[in-house]
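These are my notebook entries on a single structure, set down in the order in which I looked things up. The model and its sequence are placed below for reference.

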Amino acid sequence: MAEQGQYPEYWEADVVLRDGGTGHLRPVSPADAEALQAFHMRQSQSSIYLRFFTYKAKLTGRELKRFTHVDYRNRVAFVLTIGPEIVGIGRYDRLDDPTEAEVAFNISDEHQGRGIGSILLEHLAAAARENGISRFSAEVLPENRKMLSVFADAGYEVRRAFDDGVIALDFDIDPTEKSRAVMESREHRAEARSVAGLLAPSSIAVIGASREWGTVGYQLMEHIVEGGFTGSVYAVNPEAFELAGMVSYGKISEVPEPVQLAVIAVPHEQVLDVAQECAAAGVKHLLVVSAGFDDGEAGLARQRSLVRHARAHGMRVLGPASLGLINTRPDVSLNASMAPALPRRGGLGLFSQSAAIGVLLYAAAQRRQLGLSSKISAGNRADVSGNDAMQYWEDDADTQVVGLYLESVGNPRKFSRIARRLATTKPVIVAKSDVTGLQLPPGHAVRLTQAPKGALDAMLRQSGVIRVDTNEQLMDVAQIACSQPLPRGKGLAVLSNSVALGRVLADAAGALDLESVHLRTDLELGQGMSVALPLLRDAVAKALADEAVHSAVVTLLPSPGLTNDHIAECLLGCAAEAGKPVIGVFTGIMDPAQSAEGILAVRERAEPEDALPTGLPCFSSPGAAVSALAAVVRYTEWAGREHGHFTDPAGVDSDAAHAFIDAQMAQVENTELLHLGPEKAAELLGFYGIRLLPSLPFSTEDEAVDAADRLGWPVVLKTMDEHLRHRLDLGGVRLNISSPESLRSNISEMRAALEPYGRFELEVQSMAPSGQGCVLRGIEDPLLGPVISFGIAGDAVNLLDDWAHGIPPLTDVDVADLVRAPRASRRLFGYQGLPAVDVAALEDIISRLALLKDEHPEIALLDINPVLVSVQGVTVLSADIRLGNPQQRTDSARRAMRD
């Protein structure tokens, strides 16, 4: 929460506007008086009247002071600036009812229709909620239809009343499912348009273009021109009069038409000056190929200055150290990259970060004849990121499959949200190493994760993406997903001209959860092409005609007189006729003239919606083929299943929990953690309908008996040591004590048994029904935000690290998957004669815990150990909760670009 009267710098944000441009949003300050007066005087008489219900040519000194001097608590105002100019202002003033505030906006006439009012409303609502305000009201003239639509379209339940010629509005500002959906939809459109401007500019200027062969500037200019770019191209170099047969301009400001995309290839120390010149010239986007920003903090500081200046002046930045942009759409034909030629047009959208990885992906795609729709290399991803690229590809009809290689993840919560939505309609393949999120490549400035191992991978699985380890695996999966119809199930036909090869492949398929329902290993292909190809076609067609077969893998050893190209044409025809994917595996190929990997029998797609196969995906390794196919099958199963809904458990009092946590946070200083005692932990859990089984500590045997009388017999005796309190085998727990005499003797025996480990406090607790012990844990991670972990108590988690992880918010399907993910979870469903436990009750507890952790980032650690799941119901025996000052989460209920 902002301190009253103290400027809340953390409220500042760069934002993407509706048309893809950018601006800087920040709280107003007294220094804005002159700029605010200039803003007011640029407004039309009509706009001034609609805002103030009267006309005033200038604001008085008293009005300027009132509008720019705020306390950031009861009176808050935001301005949105582009360059030095204010283009919009929104404010609220708290009313007599401390939970309500009046809100008002004024948007520049020149910038109407860019979504500025909606952005200001989102940020005002977030600040108001932070300051304890839950409702906004406003008075709007009936003819101010644009402002009425801002409120009506925000997703809130707006109440209207007409009185004395004015429309009075009021609405609750707590985020709702509808308001979140509206915000995400607006964010999606704005970010997609910003990337569309990068990939399809009407004009390009190459700054640093050179006539010296081999230089970056020379190659970029050559590739843009030779690639057939359909827009205008300009060379900018103060030391040349002519480049690539065209006039060279000394400065970007001398170019005779507005430039949409500036490609910057100058020494890194000149990049910021060039960006400032581009801003003054009205350039919309920057592609920064220049490297040299990876020299530690100094380089990061220069990079931040570049991005901050660009965003403040309405420009987005791709790079620095970007390999460039490619768009194969015929009406664009853009190759603003270091790739020597525009690749074949196809359905794969590729995103990479570092230039080296970009080269690997481009080369692999070319080698395999994988057609691209577009390719984006973000370099140091200082601004434009994989999230932006996915926003664009979601709407791009030319892109059927998305592939991303991630070396760092800046906003994984947003990534998960976008990828989950995109993956419902298009396969999303993500390659990342095991250290992604744990260490940063040079020049990348994002947070690192401290979450348990596997949490980031769990987020990817939860999002429905196809997770791979290497760029080659990414291409393996992509060549199937791009060229063939997606399989509708696990049923597999394996055909071969080798018994051993066919059986090996079928075994590999079974290990990957594919079902080999048709196996034929007696293909006779040695009689020559005219006989062998019809036999092969008939065998494959017959296998695909089986309704239990959803895909086919044909793995062949070389046969005399048959070329791979002819076989590929045959198999492609079978796939097209059956509408099922077919994969070719050519092993033992020694002739370098024979292609054995990539897309063979390439067929150009006539239209983006053309569903026919565009080629045969081929492999030289049976294992790689089956592994890639299994990944695609898992994806289609995910895409075809019900993804559930976000649950709203009964009996939750979020407001009371917020008030309770706010009161406790007064005791937290800096990075310290506040440990909640059992009573306060039970109180907090109670706000979310989670009941903690009572326990009472004691010092003497008489106190123990009194405690047991209050709790009710039988009871459990426990040590309060965190390591021994669950260890029945080490004497830390004694069960089912039913009388005072038994309790006294057990106390003496326990103290004697624990004496080798030290002296510990003891407690008694009500006896719970017997059941399976489970562990639930929640943490606040600086990168991922809330992380929920689940495991079966005991050696499964302590020795084998058998955890499952989820990233809230969780749907009911996510929770069900979480419970079933640990290998030891079989114990919950009836194991070795034991009855199945109440899994539904366990899922309910997890849903409540996920909601608690999602709504309260102040909960640094929540450890429930154990949860006893019995045949009917669950019992929470112990909870350890620690509060701390959280970082701002990487995804929130207001639109903001992240550093």
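Entry 1, aromatic pairs. I listed the ring pairs in this predicted model and found 11 aromatic pairs. I then took up one of them, Tyr 92 with Phe 136. I recorded two quantities, since a pair of aromatic rings is described by the distance of the centres and the angle of the planes.

Tyr 92 belongs to strand β4 (residues 85-94) and Phe 136 to strand β6 (residues 135-140). The two residues are 44 residues apart, and I noted that the pair links distant parts of the chain.

I noted Arg 51, whose charged end sits over the ring of Phe 52 at 4.6 Å from the ring centre. I also noted Arg 302, whose charged end lies over the ring of Phe 293, 5.6 Å from its centre.

I checked the length of α14 (residues 471-483) against expectation. Its 13 residues, at 1.5 Å a residue, should span 18 Å, and I found the end C-alpha atoms 18 Å apart, so the two values agree. I then looked up burial: 11 of the 13 residues are buried, and I therefore describe α14 as largely enclosed by the rest of the structure. The buried residues include Asn 471, Leu 474, Met 475, Asp 476 and Cys 482.

Entry 4, a sheet. I traced an open sheet of four strands, in the order β30-β33-β31-β32, and its pairing is antiparallel. Which strands form the edges? I identified β30 (695-698) and β32 (733-737), each of which pairs on one side only. From one strand to the next, the twist averages 25°.

Within this sheet I examined the contact of β31 (residues 715-719) with β32 and counted three bridges between these antiparallel strands. One residue I followed across is Leu 717, whose bridge partner in β32 is Arg 734.

Terms used:
Residues numbered from 1 in each chain as written. Predicted model: local features only at pLDDT ≥ 70, side-chain atom pairs only at ≥ 80, totals over all residues. Heavy atoms only, no water. Pairing = 2+ DSSP bridges. Axes fitted to C-alpha atoms, helices over the stretch in contact; angles between N-to-C directions. Phe/Tyr/Trp six-rings, centres within 6.5 Å; stacked < 30°, edge-to-face > 60°. Lys NZ or Arg CZ within 6 Å of the ring centre and 35° of its normal. Expected span 1.5 Å × (residues − 1). Buried < 20%, exposed > 50% of the residue type's maximum accessible area, 1.4 Å probe, protein only.
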